[in-house]
Amino acid sequence: MNKMWKIGVVGAGYWSDKHLQAWRRIPGVQIQGLCDPDKSRLYSKAEAYDIPEDKLYGTLEEMLAAADIDVVDIITPPDTHPELVGRAARAGKHIMCQKPFAHSMEEAREMVEAAKAAEVRLMVTENWRWLQPMQTIRELLNSGAAGGLHTIRYIHTDYYSPRFAPENELPQPFFREMPKLLFYEMGVHWYDTWRFLFGDPKRLYAETRRVSPYITGEDAGLITLGYEDYMGFMDMSWATRQNLPGLLTMPVLPEHKEQLIIEGDQATLKLYSSGTLSLIDNSGTETIVTENNGLDFEESHFRLQSHFIHCLNTGEEFQTSGEDNLKTLELVFGTYRSAEEHEVIHFGQR
């Protein structure tokens with residue numbers, strides 16, 4: 001019989017709702033602690049999710065000292081991760097840590113080593129691969145629906161960052177100041193999902209741009225990814241009007257839309273930004289596989305966190321273990337190096 005896993009959540013910010021909703025739905029899980037230094041935010045989330053006052057804490061240190069927990073779920077910005085992961089590991093707790101995992105490869109490796117030394121499990125909270133369209137595409141690729149691959153095109157569109165004017169309220173205002181923005185904040189999603197679907201590329205070339213005057217980092221980029229037998233291309237932008245849902249409205253919120261076109265010798269697999277997923281065969285016949293495959297963030301967290309608990313129960317490897325995430329971060333930091341040096345980045349044999 002599986003044990004009851006007691007969860008301590010660190011961070012009651014914007015994205016914590018997705019985590020808390022999922023934990024409440026998963027059998028064999030109890031939320032036994034919530035901590036955040038911002039009291040109003042802490043109490044607001046506690047009220048929304050029926051977490052009693054005696055399970056609320058200002059810091060992880062307080063929660064570890066007083067709460068009966070097995071798992072620490074870290075939902076805080078990357079600069080806090082080394083300290084929080086290290087503290088949780090030393091306390092003997094299993095860890096789920098939000099993306100982006102680290103500011104550098106060195107930080108990421110140190111956290112992976114800290115978990116290994118403490119003999120605790122560490123998974124990076126990478127939900128994009130758990131979105132329904134990505135799961136369905138993986139099943140189709142595994143079944144050989146496209147045949148041998150030759151070209152992959154991945155397109156992400158939003159008209160988001162040009163609307164970051166100082167007077168506009170944003171759900172994540174720190175985006176304005178991030179020196180690395182699009183391919184750090186979102187690139188971890190895209191590269192993790194890309195690796196999930198197509199494996200690890202051998203080389204990468206990147207061109208990036210800052211379009212919005214209201215940001216420090218980049219908000220658009222074109223990436224070429226090379227393999228032995230096929231090639232891929234990412235066209236990612238938070239500063240494009242090419243795929244707007246209609247008139248822009250306030251408040252400023254993300255309206256992320258994604259398209260994925262996977263060309264094989266048997267068929268083309270096509271994800272439309274509407275969520276329709278289809279196959280086009282060699283005669284030109286297009287067959288709809290599924291419709292309304294939206295970017296279902298809440299459900300993706302339920303799938304991801306269920307996977308985390310399943311692996312704790314069985315001892316199976318996490319799909320996005322801390323160690324695995326090192327390969328994703330290599331692609332992220334390789335993107336910035338390539339864009340800065342105008343050089344192709346080659347990755348070693350894995």
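The entries below go by topic.

**Ground rules**

I am working from a predicted model, in which local features need pLDDT of at least 70, side-chain atom pairs count only at pLDDT 80 or more, and totals for chains, interfaces and linings use all residues. Residues are numbered from 1 along each chain as its sequence is written, and side-chain values use heavy atoms, with hydrogens and water left out. Helices (H or I, at least four residues) and strands (E, at least two) are DSSP runs, numbered from the N terminus.

**Entry 1: H7 and H9**

I started with helix packing. Two packed helices are described by the angle between their axes and the distance between the axes. I looked up helix H7 (residues 182–198) against helix H9 (residues 322–341). They pack at an angle of about 130°, with axes 9 Å apart. Axes are lines fitted to C-alpha atoms, for helices over the stretch in contact, and angles run from 0 to 180 degrees between N-to-C directions. That angle makes H7 oblique to H9. The cut-offs: under 35 degrees is roughly parallel, over 145 roughly antiparallel, 65 to 115 roughly perpendicular, and the rest oblique.

I noted the crossing of H7 and H9 as right-handed. A crossing is right-handed if the near helix is turned clockwise from the far one by less than a right angle, and left-handed if anticlockwise.

Next I listed the contacts (heavy atoms within 4.5 Å). From H7, the residues include Leu182, Phe183, Tyr184 and Arg195. From H9, they include Asp324, Lys327, Phe333 and Tyr336. The residues of this H7–H9 contact divide into 10 nonpolar, three polar and four charged. Here Ala, Val, Leu, Ile, Met, Phe, Trp, Tyr, Cys and Pro count as nonpolar, Asp, Glu, Lys and Arg as charged, and the others, Gly among them, as polar.

**Entry 2: H1 and H8**

I then checked helix H1 (residues 16–25) and helix H8 (residues 297–314). Their axes come within 9 Å and cross at roughly 55°. H1 and H8 are therefore oblique to each other. Their crossing is right-handed. On the H1 side I found Lys18, His19, Gln21, Ala22, Trp23 and Arg25. Their partners in H8 include Phe297, Glu298, Phe302 and Ile309.

How are H4 and H5 oriented to each other? The axes of H4 and helix H5 (residues 105–118) come within 9 Å and cross at roughly 5°. H4 and H5 are therefore roughly parallel to each other. His81, Pro82, Val85 and Ala89 in H4 meet Glu107, Met111, Ala114, Ala115 and Ala118 in H5. I get seven nonpolar, one polar and one charged for the residues of this H4–H5 contact.

Pro78 sits in the loop between strand S4 (71–74) and helix H4 (81–90). Pro78 is buried, with a relative accessible area of 12%. Buried means under 20% relative accessible area, exposed over 50%, partly exposed in between (1.4 Å probe, protein chains only). Leaving aside neighbours within four places in sequence, Pro78 is in contact with Pro100, His103 and Tyr184.

**Entry 3: H6 and Met134**

In helix H6 (residues 132–142), I marked Pro133, Met134, Gln135, Thr136, Ile137, Leu140 and Leu141 as buried. The buried residues of H6 pack against H7 and several strands, including S7 (149–157) and S11 (257–264). Met134 has a relative accessible area of 1%. Not counting residues up to four places away in sequence, Met134 touches residues including Trp128, Tyr154, Phe196 and Leu260. Just after H6, Gly144 takes a positive phi of about 80°.

**Entry 4: aromatic rings**

How many aromatic pairs does the structure hold? I count 14. Rings of Phe, Tyr and Trp (its six-membered ring) pair if their centres lie within 6.5 Å; planes under 30 degrees apart are stacked, over 60 edge-to-face, the rest tilted.

Tyr14 and Trp15 form a tilted pair, 5.9 Å centre to centre with 55° between the planes. Tyr14 is partly exposed at 38% relative accessible area. Trp15 is partly exposed at 22%. The rings of Trp194 and Phe198 have centres 5.0 Å apart and planes at 65°, so that pair is edge-to-face. Both lie in helix H7, four residues apart, about one turn. Trp194 and Phe198 are both buried. Last, I noted that ring pairs link Tyr160, Phe164, Phe174, Phe175 and Trp238 into a cluster.
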